[in-house]
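Biologist: Before we use any labels, I want to hear what each one rests on. Can we go through them in turn?

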Amino acid sequence: MTLSASPRPQSGSKQIQGQTKPTVVIIGCGFGGLEAAKALSGADVEIIVIDRTNHHLFQPLLYQVATAGLTAPAIAGPIRHILRKQIARGNLTVLMGEVTSIDSASRCVVLDGGEHLHYDHLILAAGATHSYFGRDEWAKYAPGLKTLGDAFTIRRRVLTAFEQAERETDPDKREPWLTFAVVGAGPTGVEMAGTLAEIAQHTLSAEFRRIDSRVARVILLEGAPRVLGTFTEDLSKRAKEQLEMLGAEVLAGAKVTNITAFGIHYDLSEPQPDGSNKVSSHFVASRTVVWAAGVAGSPLGRSLAKSTGCQLDRAGRVIVKPDLTIEGHPNIYVVGDLASAQSYLHPDKPTAVPGVSPSAKQMGRKSAFNIMRRMKGLDTQAFRYFDYGSMATIGKRAAVAMLDLPWGNKKLKFSGFPAWLFWLFVHVYFLIGFRNRALVLMDWAWAYFSSQRHARVFPDPHALEPNAVIVHRDPPATPPVP
Ligand SMILES: Cc1cc2nc3c(=O)[nH]c(=O)nc-3n(C[C@H](O)[C@H](O)[C@H](O)COP(=O)(O)OP(=O)(O)OC[C@H]3O[C@@H](n4cnc5c(N)ncnc54)[C@H](O)[C@@H]3O)c2cc1C
């Protein structure tokens with residue numbers, strides 16, 4: 001079945017039945033897809049936005065939902081509502097559905113129900129997923145954080161671990177419930193570890209009778225020699241100090257070798273005075289592991305490669321041309337986390353574009369811009385990424401920030417309370433919708449003074465994860481082998 005681009009004329013719109021406007025299909029309504037849709041809505045095109053969820057998600061604050069600081073609607077909004085003005089203009093349709101493959105020969109995307117949807121121009125903005133470095137069996141013990149579903153799973157597991165510890169009468173069996181491991185010390189891992197430490201030290205400290213939540217261990221494991229590897233060394237050191245002040249343990253040089261229902265195995269590499277590295281193997285018993293280590297391009301990248309022969313990088317991201325199209329297909333654009341792109345801000349010295357929300361937004365706008373140029377018979381332009389800097393929050397009053405100054409190729413670096421305040425206001429500013437901004441500010445103000453996290457509820461565990469590992473009081477009886 002092939003669906004038409006414009007299923008019904010909008011009342012009061014200028015849409016003409018049997019229209020011949022070119023159709024732009026946008027797959028994914030995250031940061032890249034949403035910007036592309038907005039930028040195209042004034043153009044003489046028919047736009048179809050497809051997303052497998054009904055919401056646009058502000059991923060940078062997802063860890064707050066996972067750690068019960070914010071509710072889901074504070075950081076996510078219905079796509080249909082966000083794009084209501086564009087829908088009212090009469091040339092934009094939103095469809096909820098999973099795109100399963102792309103057929104470039106017939107210029108169609110295939111939906112989960114088998115429907116074929118025709119495109120003249122395609123913008124692929126399906127983002128990224130977790131990578132367990134070939135060990136997908138770890139996923140059930142160590143969920144990653146990408147979607148609202150992931151955040152609910154982590155929230156449930158973390159809060160359930162404290163509940164199980166209160167029920168457990170054997171101290172040896174209780175300890176793994178009070179040990180939390182976070183794998184990967186990029187911004188997500190650092191914010192998860194810092195917030196988990198705060199929950200144990202402050203939020204829950206007066207609410208249990210049999211356990212003292214403050215004895216809980218939060219361990220952050222990082223394979224590289226330092227945390228926040230994309231930040232400068234001094235900020236990385238500050239981040240480690242702030243994490244330790246909050247009560248987290250930081251294990252740099254720790255390469256995870258196995259994750260089971262019992263805990264986590266890792267090899268620790270420690271530099272020796274003679275310049276060599278001593279490697280030792282360890283096991284830490286933990287019932288709650290969070291994965292913040294690896295990212296891979298959406299599987300739709302592979303589908304596109306199969307259909308068009310385009311190249312993927314090692315992380316499964318689509319290697320794009322300077323104008324964000326793929327080789328041999330000037331009507332297919334890949335943007336955001338799924339694109340392996342270069343910035344031509346300095347054309348003689350292209351630089352790799354990082355997988356962050358500002359770059360996804362800028363790529364989304366650029367792809368729309370290039371489609372409009374092509375429709376006018378003009379050449380497309382190379383993508384130029386404007387990088388304003390990086391920030392990472394660690395916990396209450398703890399963060400690091402590194403901002404690019406517009407003169408002299410200099411960076412402004414700061415940490416602690418000023419960085420945390422700055423981080424907070426930037427994130428609130430970029431949230432979609434005034435209501436969300438007000439909600440988040442109020443929630444944070446309350447959490448700041450009370451140390452409480454108000455979203456500490458989760459549905460019946462069996463409804464969320466029918467085969468959940470954590471609800472078993474004892475893991476399956478297999479020995480903890482590496
Ligand atoms: C926990 C976390 C914290 C982060 N923190 C920061 C931060 O502090 N600052 C920062 O700048 N960046 C941060 N990022 C990165 C930033 O969120 C991403 O770079 C950005 O979301 C990428 O935008 P995108 O449009 O490429 O993909 P996404 O925003 O991931 O959107 C992809 C969309 O495609 C949809 N989709 C996927 N597959 C299909 C399919 N087959 N069919 C239909 N729809 C599909 C998804 O439902 C989703 O809506 C963070 C990311 C995470 C996960």
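**Labels and their grounds**

Modeller: Serine 104 is buried, at a relative accessible area of 11%. This is a predicted model, in which local features need pLDDT of at least 70 and side-chain atom pairs count only at pLDDT 80 or more, while totals for chains, interfaces and linings use all residues. Residues are numbered from 1 along each chain as its sequence is written, and side-chain values use heavy atoms, with hydrogens and water left out.

Biologist: Why is serine 104 called buried?

Modeller: Buried means under 20% relative accessible area, exposed over 50%, and partly exposed in between, with a 1.4 Å probe and protein chains only. Serine 104 has 11%, so serine 104 counts as buried.

Biologist: What is serine 104 in contact with, leaving aside neighbours within four places in sequence?

Modeller: Tyr119, Ser307, Thr308, His329 and Ile332, where contact means heavy atoms within 4.5 Å. Serine 104 and isoleucine 332 are 228 residues apart in sequence, with 8.8 Å between their C-alpha atoms.

Biologist: Why does threonine 179 count as buried?

Modeller: Its relative accessibility is 1%, so threonine 179 falls under the 20% limit. Threonine 179 is in strand β12 (residues 179-183); strands (E, at least two residues) and helices (H or I, at least four) are DSSP runs, numbered from the N terminus.

Biologist: What is the span of α13 set against?

Modeller: α13 has 17 residues and reaches 24 Å from its first C-alpha to its last, close to the 24 Å expected at 1.5 Å a residue. The expected span is 1.5 Å times one less than the number of residues.

Biologist: Which residues of α13 are buried, and what puts them on the same side?

Modeller: They are Asn436, Val440, Asp443, Trp444, Ala447 and Tyr448. They cover an arc of only 135 degrees around the axis, which puts them on the same side of α13; the arc is that of the directions from the helix axis to the C-beta atoms. On the other side, Phe434, Arg435, Met442 and Phe449 are exposed.

Biologist: What do the buried residues of α13 pack against?

Modeller: They pack against α2, α3 (72-75), β5 (76-78) and α12.

Biologist: How do the residues lining the second largest pocket divide?

Modeller: Eight are nonpolar, nine polar and four charged. Ala, Val, Leu, Ile, Met, Phe, Trp, Tyr, Cys and Pro count as nonpolar, Asp, Glu, Lys and Arg as charged, and the others, Gly among them, as polar. A pocket is an open set of points on a 1 Å grid over the protein atoms alone, where a 1.4 Å probe fits, with protein on both sides within 12 Å along at least five of seven lines; lining residues have an atom within 4 Å of a point.
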